[in-house]
Amino acid sequence: MQPAHKTLLLAGGTSDIGRETALCYARAGWRVLLAARDVGEARRNADDIAARTGTQVSVHRLDVLETDQLQAFLDALPTLPDTVVCVIGELGDQTLAQRDFSHATRVLRTNFEGPSLLLSLLAERFLARGSGTIVGVSSVAGLRGRASNYVYGAAKAGFTAFLSGLRNRLAPEAIHVLTVNPGFVRTRMTAGMKLPPILTAEPSEVGGAIFAAAEKAKKDVIYVRKIWWLIMQVIRSIPERVFKRLKL
Amino acid sequence: MIEATDGRLAPVPGIAIRRAEFSGWGRYPRHQSGLVTLTAPADLTRWISGQTGVIARGNGRAYGDAAVGEKVTLSTRSLNRICAFDRQSGRITVEAGLLLSELMSVVVPLGFFPPVVPGTKFVTIGGMIAADVHGKNHHRDGGFGDHVEGLTLALPNGDVLSCARDENPELLDATIGGMGLTGTILNATFVLKPIETGFLRQTTIVAPDLAAAIAALSRTGDTTYTVAWIDCLARGASLGRSLIFAAEHAGRADLAASGSAGDAFPPPRPGRISVPVDLPGWTLNRLSVSAFNEAYFRLGAAKAGTPRLVEWNPYFFPLDGVGGWNRIYGRRGFLQYQCVIPTAQAQAVLSEILERVSRHGSASFLAVLKQLRAGRGLLSFPMEGLTLTLDLPMSAGVFMLLDALDTLVVASGGRLYLAKDARQSRSTFEAGYPNLPRMRDLRRATGAGGRVSSYQSARLGIQ
């Protein structure tokens with residue numbers, strides 16, 4: 001198949017990682033469908049990607065919290081994409097989430113429910129067609145709950161489990177599912193945080209890693225910076241009775 | 001240089017202000033200011049009304065205090081999108097925070113080149129307009145501002161205005177070279193020029209003294225790009241001895257004749273060297289710079305005469321290859337002194353300046369001589385004449401030396417470049433910029449006076 005005829009659906013088209021990922025695909029000649037809640041901002045990225053790469057980029061309104069609209073969103077797309085990359089997520093505010101149920105609900109739904117339902121609808125359509133690649137951007141925060149961000153972490157843990165199960169189910173059907181654990185990324189979401197440079201990826205690095213893992217290497221789970229795999233192995237191996245007293 | 005010191009400060013909903021220490025590329029002076037990073041043009045217009053003491057900051061390559069807000073410094077680096085690009089005509093609209101390096105990485109491989117580039121590609125397009133930067137082609141093509149067809153400006157009250165030749169033209173001319181003092185540039189439209197290759201056909205001319213250098217610059221006035229590199233430690237009869245680099249964009253035929261089988265549009269090679277730490281202040285003494293200058297001069301002279309092909313990146317941006325080169329001057333920083341002297345007085349005044357710098361023994365790593373013509377903006381630096389650029393490490397005597405040089409510049413009817421300035425006096429500034437009253441009037445009329453201000457504008461009394 002010629003890459004020029006392939007289409008990417010990027011869900012979360014206003015995020016820094018989404019923009020860079022879409023750019024990577026566009027540079028390789030893919031047509032891009034940019035989906036986002038804020039279509040004005042998405043338009044800004046779409047124009048930029050089109051200007052830089054000369055490929056066709058369209059904007060589609062998507063709010064994953066409006067779950068009853070997801071089918072209609074997919075029906076309205078000009079074509080069923082070859083690959084979907086979902087980068088939708090929201091860190092939220094852990095302390096606020098502890099006392100404000102509506103905020104906690106929003107974080108859980110934005111990071112778990114919305115993306116999972118969107119991808120499961122796409123999985124059905126990919127199954128019907130017999131091909132497709134599904135990429136979910138999850139988080140290392142989902143690999144073990146910590147006091148500082150466990151609501152977000154729990155949602156991401158759910159999303160990671162969902163992707164793992166979907167991969168297990170779709171493996172015999174040759175539909176590929178990739179889970180991405182970016183680690184720290186220098187984005188708007190982390191602006192102002194002090195992040196160790198060696199553990200912190202640029203959004204463009206994440207985009208490049210996603211494109212390579214999804215379209216070339218056909219990996220199942222990636223850590224954008226390999227060192228995060230080691231860190232998470234260590235963190236996961238700490239016994240709970242010790243872990244509960246740690247400040248991480 | 002931005003070093004954050006603590007967390008949130010002023011309570012503007014959704015927009016955090018971080019207190020930080022700022023300086024320009026010369027690392028002098030250092031000032032406290034609040035840092036705001038806006039992610040979208042819409043945020044800016046919502047946030048800016050009601051703010052005072054704000055100035056936009058691009059990539060922080062102005063040398064002094066031009067891009068440090070008296071109260072708040074507005075980073076435009078997230079406004080880095082290309083809005084539209086016509087690959088036939090070369091017309092492009094970009095957001096103000098886009099880096100020139102990023103723009104070039106997109107357009108050069110497609111056979112386009114910016115109409116004007118300064119000495120570094122690590123500047124934003126907004127900064128290039130605000131400083132009305134000039135390049136090695138100013139004598140022929142004017143400054144970057146001359147090529148701006150239109151721009152969008154956010155006024156301090158949040159209004160957004162389009163400026164073009166037929167729409168708010170006065171505001172456009174005040175914004176070009178206006179150091180951000182009319183408001184915040186959001187985007188700009190200009191036309192790129194077509195190139196056949198990413199190479200330049202460069203001819204090197206050796207000039208034994210200043211008179212010969214000025215004559216060579218004038219003689220090569222028909223060449224698109226010319227610049228003279230002066231060994232400013234040479235004295236006596238050799239005062240002002242120079243290498244003149246004259247160049248044209250190379251065509252496909254030039255490339256074929258050179259036997260090169262490589263890429264016609266070579267990408268910039270990443271700098272292999274960088275300065276990871278502040279070097280101690282004594283690293284650059286008279287002896288070490290003298291030795292460097294001697295080696296550079298001999299190497300250049302050996303290549304003189306025959307034209308050769310050089311890649312665009314090292315030709316235009318030789319210092320970009322040395323990451324963080326401003327750190328060689330140590331933590332105390334350095335001053336870059338750039339003046340322009342009207343043509344008639346140029347030789348006499350420049351030779352006096354070189355004489356004094358040489359006598360002072362201030363090691364200057366870089367001394368560059370270029371020909372300029374009149375600039376477009378109200379506060380644009382260029383005027384018909386010759387511009388000299390010197391780097392001077394910070395020392396006790398350097399301020400006195402430069403004050404004395406200012407007197408020479410003012411007496412000649414010349415001026416100093418605001419993008420380089422960290423220390424000139426109000427009287428030097430006012431003498432050099434006769435359009436200042438019009439700029440003040442315009443700032444009053446748009447509400448920018450008192451609200452859009454940098455440490456530089458306050459220092460120079462640009463109300």
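1. Let's start with Arg91(B). In this predicted model, Arg91(B) is partly exposed, since its relative accessible area is 36%. The side chain has a partner: Arg91(B) and Glu149(B) meet in a salt bridge, 2.8 Å from N to O. Arg91(B) sits in strand E7 (residues 91-95) of chain B and Glu149(B) in strand E9 (residues 148-154), so the bridge links distant parts of the chain, 58 residues apart. Glu149(B) is partly exposed as well, with a relative accessible area of 30%.

2. Next, have a look at Asp173(B) and Arg376(B), whose side chains also meet in a salt bridge, at 3.2 Å from N to O. Is Arg376(B) buried or exposed? With 17% relative accessibility, Arg376(B) counts as buried, because the cut-off for that word is under 20%. Asp173(B), at 27%, counts as partly exposed.

3. One more from chain B: Asp231(B) and Arg241(B) form a salt bridge, and their closest N and O atoms are 2.7 Å apart. Both residues are in the loop between E14 and E15, ten residues apart. Asp231(B) has a relative accessible area of 4%, so it is buried. Arg241(B) counts as buried too, at 15%. There is also a network to trace, in which salt bridges that share partners join Arg19(A), Asp48(A), Arg52(A) and Glu102(B). Over all chains, a search of the whole structure turns up 29 salt bridges.

4. Now for the place where the chains meet. On chain A, 13 residues are in contact with 17 residues of chain B. The buried area between them is about 1,100 Å², and carbon and sulfur atoms give 42% of that.

5. Between chain A and chain B the count is two salt bridges. Arg44(A) makes a salt bridge with Glu95(B), with 2.6 Å between the closest N and O atoms. The interface also has ten residue pairs in polar contact. On the side of chain A that touches chain B, helix H2 (residues 39-53) gives the most, with nine residues. That side divides into seven charged, four polar and two nonpolar residues.

6. Finally, the rings. The count over all chains is 19 aromatic pairs. Take Tyr25(A) and Phe211(A): their ring centres are 4.7 Å apart and their planes are at 85°, so this pair is edge-to-face. Tyr25(A) is in helix H1 (residues 16-27) and Phe211(A) in helix H7 (residues 203-216), 186 residues apart. Both Tyr25(A) and Phe211(A) are buried.

7. Phe381(B) and Tyr417(B) are both buried. If you like rings, also find the aromatic cluster formed by Phe113(B), Tyr225(B), Trp312(B), Tyr315(B), Phe316(B) and Phe317(B).

Definitions and conventions:
Residues numbered from 1 in each chain as written. Chains lettered and ligands numbered in written order. Predicted model: local features only at pLDDT ≥ 70, side-chain atom pairs only at ≥ 80, totals over all residues. Heavy atoms only, no water. Contact = heavy atoms within 4.5 Å. Buried area = accessible area lost by both parts, 1.4 Å probe. Salt bridge = Lys/Arg side-chain N within 4 Å of Asp/Glu carboxyl O. Polar contact = N/O pair within 3.5 Å; in protein donor to acceptor, adjacent residues only side chain to side chain. Helix = DSSP H or I, 4+ residues; strand = E, 2+ residues; numbered from the N terminus. Nonpolar A, V, L, I, M, F, W, Y, C, P; charged D, E, K, R; others polar. Phe/Tyr/Trp six-rings, centres within 6.5 Å; stacked < 30°, edge-to-face > 60°. Buried < 20%, exposed > 50% of the residue type's maximum accessible area, 1.4 Å probe, protein only.
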